[in-house]
Each structure stands twice: as structure tokens, then as C-alpha cells.
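Biologist: I'm new to this one. Could you walk me through how to read its features, one at a time?

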Amino acid sequence: MNISARTKVCMIIGDPVEHSLSPVMHNAAYEALSIDNEFVFTAAHVLSENLEIAIKGARSLGIHGITCTIPHKVEVIRFLDEIDPIAAKIGAVNTILNKNGKLIGYNTDWIGTVTPLEEKTILEGKKVAILGAGGASRAMAYGVTERKAHLTIFNRTLENAQVIAKDFNAEASDLSDLSNLKEMDIIINSTSVGMADQADVSLVPSEFLHRDQIVFDAIYKPNMTRLLHNAQSAGAQIICGFEMLLHQGVAQFEIYTQKKAPFDVMKEVVTATL
Ligand code: NAP
């Protein structure tokens, strides 16, 4: 590492943040491109009540890039100078570029959704179900409807699904009636159900899964969720949550460095940690 007074600092802020793979993924990419003298990526545990002062501090310190994770992606918007139109439509920012003192907010989570799906299919005209109506769901909804898929959002709290459905010209449905999941070409889980503490739980009954579907789980801990296991057993194609993490990171790397990201290196780093 060749950090000097000229090195640009990027960081991820969140609460919690210690589990984040972003520093290791970005630093490995800097090293691979021999720009680890130019950029370094670190992390800071920022509580919600300190978000405003953290952004002010980042501004005064000339931090080059600020990655936002839970719970800051929405709240941070009001402290920025400019919001990219896609991030504005999604209503969340995960990437902030400091461009000559101006803080500009972007969202790359939607790219993390669309890219792995488009490696397997053409989204236009496909029937897509997203389970969940939180922050990840909004970015996903933008991505799939921007590619002209027909979207239905299923959520435990129907009103939350209705808000997203209205913004993205989609349908909203209650999570208690999943019977028409069988008709879907693509099923995406963007709820937290299936994460490590409930790794054996899936919201989708196996009888609704079949070989003509693509099933995508945003959860990356564990890598193979119960939903993905069941989908694989049913013969469906599957996309693991780390792919979303990887592709949003690749897009973010390119915003911060203006260089093509070394995809294979970043993938190796992420998969090695799973
Ligand atoms: P969030 O804003 O907190 O939303 C959580 C969603 O899960 C809500 O729709 C909530 O429904 C639903 N939910 C929670 N517990 C539930 C339960 N017991 N039964 C049914 N529904 C339940 O979270 P988020 O930021 O969107 O993140 C969601 C998941 O995506 C997390 O697991 C996160 O780790 C993952 N994620 C992954 C990536 C990646 O790069 N792979 C990126 C972002 C997020 P209600 O509306 O009814 O409360």
C-alpha cells in the first residue's frame, strides 16, 4: 500500500457497518489496477443521529466517496447538493461522489439487480414478483420496470407495497396470498426472511417453484438461502444475493474512480468471504 497525502479516501457509513464487504472489495480492486496509491476505502460506524454531522465532516475533510448502507440510504438525501435522477426516482442513495466539493448522490443497487438477471434472460415482458417493500425493493422495482417487466410486489404490510407499486406502475398484493407466484417468470426475495438467524425459513411454498423460473434472493448471509435451495431443487435458475452486492459495487467503483472495475478480482474477494 502506498498511501500518501494525495490519496483519496472513500468509505462506507452505516449502523452496523463492521460486517461490510465494501472495504475489502474496493481495496482489492485498487490494488489490482495499481491505484492503491490514489484511493483507499475504509468504514465508519455512523449512528442515525450523527448522520448530518458525519456528512458535514466528510465534506470538510474532502472525503472522495461515501457509500451508504442501512439505515442511511434515504435520510442522507437531504444533506447532499445534487441527486442523480435515477436515485431521486428510487428515493434512496447508496453512493455519494464528492465532485470538486459538491456531493452528488447516486443509486447502484438497481444495477445490482438488473445485471445478474440480464445475464440469464431478457426482462422486457417478463412477469416479475418482488417479495418485500423496503429500501432494496424500491431499487429492484425501478430496475425491472425500467426494463419493461410486469411487476407485482407482495408484502406483509400491503400499504407499503401499494406505495412502491404506485411509483413504479406495478401491482401490489398481500403476502398472505402467494398462489399466483406459480405464474411468475422471476421471483425476487427482498425481505429479511431467510437471513442467518432464520436460515431455514422461506416465504415461498415449494409448490409455487418450477424449472421455468429464475429465483433471486437479495440475502447474502447465508449465500444459499432456504428459498434458493428449494428453487434449485425445483429446477429453477437461481441468483444469490452476493451477485447483487458485487454488481452494485462494480458500478460504484466506476463512479468513484472513473475506471473500469476489475470484475473478476472483486468477485473473487466477495465469494471468498462467503
Ligand atoms: P427493509 O427496508 O427493512 O425492508 C424489509 C422488508 O422485509 C419489508 O418489506 C418487511 O415487510 C419485510 N419483512 C421483514 N420481516 C418480515 C417477516 N417476518 N415476514 C414477512 N415480511 C417481512 O430492508 P431492505 O433494506 O429492503 O433489505 C431487505 C433484505 O435485502 C435484507 O436481507 C438485506 O440484507 C438485503 N439486501 C441485500 C443487498 C445485496 O446487495 N445483496 C442490498 C440491499 C439489501 P413490512 O413492510 O411488512 O415491514
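Biologist: Where is Pro-16 placed?

Modeller: Pro-16 sits in the loop between strand E1 (8–14) and helix H1 (22–32). Helices (H or I, at least four residues) and strands (E, at least two) are DSSP runs, numbered from the N terminus. Keep in mind that this is a predicted model, where local features need pLDDT of at least 70, side-chain atom pairs count only at pLDDT 80 or more, and totals for chains, interfaces and linings use all residues. Residues are numbered from 1 along each chain as its sequence is written, and side-chain values use heavy atoms, with hydrogens and water left out.

Biologist: What kind of peptide bond joins Asp-15 and Pro-16?

Modeller: The general idea is that most residues other than glycine have a negative phi, and most peptide bonds are trans. Here, Asp-15 and Pro-16 are joined by a cis peptide bond, with omega about 5 degrees. Lys-221 and Pro-222 are joined by a cis bond too, with omega about 5 degrees. Pro-222 belongs to the loop between strand E11 (214–217) and helix H7 (226–233).

Biologist: And phi? What is the phi of Lys-148?

Modeller: Lys-148 has a positive phi, near 70 degrees, and is not a glycine. You'll find Lys-148 in the loop between helix H5 (135–146) and strand E8 (150–155). Asn-169 has a positive phi as well, about 55 degrees, and lies in the loop between helix H6 (158–167) and strand E9 (171–174).

Biologist: Is Lys-148 buried or exposed?

Modeller: Buried means under 20% relative accessible area, exposed over 50%, and partly exposed in between (1.4 Å probe, protein chains only). Lys-148 counts as exposed because its relative accessibility is 54%. Asn-169, at 74%, is exposed too.

Biologist: How many aromatic pairs are there?

Modeller: Rings of Phe, Tyr and Trp (its six-membered ring) pair if their centres lie within 6.5 Å; planes under 30 degrees apart count as stacked, over 60 as edge-to-face and the rest as tilted. That rule gives 4 aromatic pairs. One of them is Trp-110 with Tyr-142, edge-to-face, at 5.2 Å centre to centre and 90 degrees between the planes. This pair links distant parts of the chain, 32 residues apart: Trp-110 is in helix H4 (residues 109–118) and Tyr-142 in helix H5. Both Trp-110 and Tyr-142 are buried. There's also an aromatic cluster, formed by Tyr-30, Phe-39 and Phe-253.

Biologist: Now the strands. Do E1 and E3 run parallel or antiparallel?

Modeller: Two strands pair if DSSP finds at least two bridges between them. E1 and E3 run parallel, joined by 4 bridges, and Met-11 has Ile-66 in E3 as its bridge partner. With strand E5 (residues 95–99), E3 pairs in the antiparallel sense over 3 bridges; there, Gly-65 is partnered by Leu-97 in E5.

Biologist: Which way do the residues of E3 point?

Modeller: Along strand E3 (residues 65–68), Gly-65 and Thr-67 point one way, Ile-66 and Cys-68 the other way, and all are buried.

Biologist: Last one: at what angle do H1 and H9 pack?

Modeller: Two packed helices are described by the angle between their axes and the distance between the axes. Axes are lines fitted to C-alpha atoms, for helices over the stretch in contact, and angles run from 0 to 180 degrees between N-to-C directions. H1 packs with helix H9 (residues 263–272) at about 145 degrees, their axes 9 Å apart.

Biologist: Which residues meet there?

Modeller: Contact means heavy atoms within 4.5 Å. From H1, Val-24, Met-25, Ala-28, Ala-29 and Ala-32 meet Val-265, Met-266, Val-269 and Val-270 in H9.
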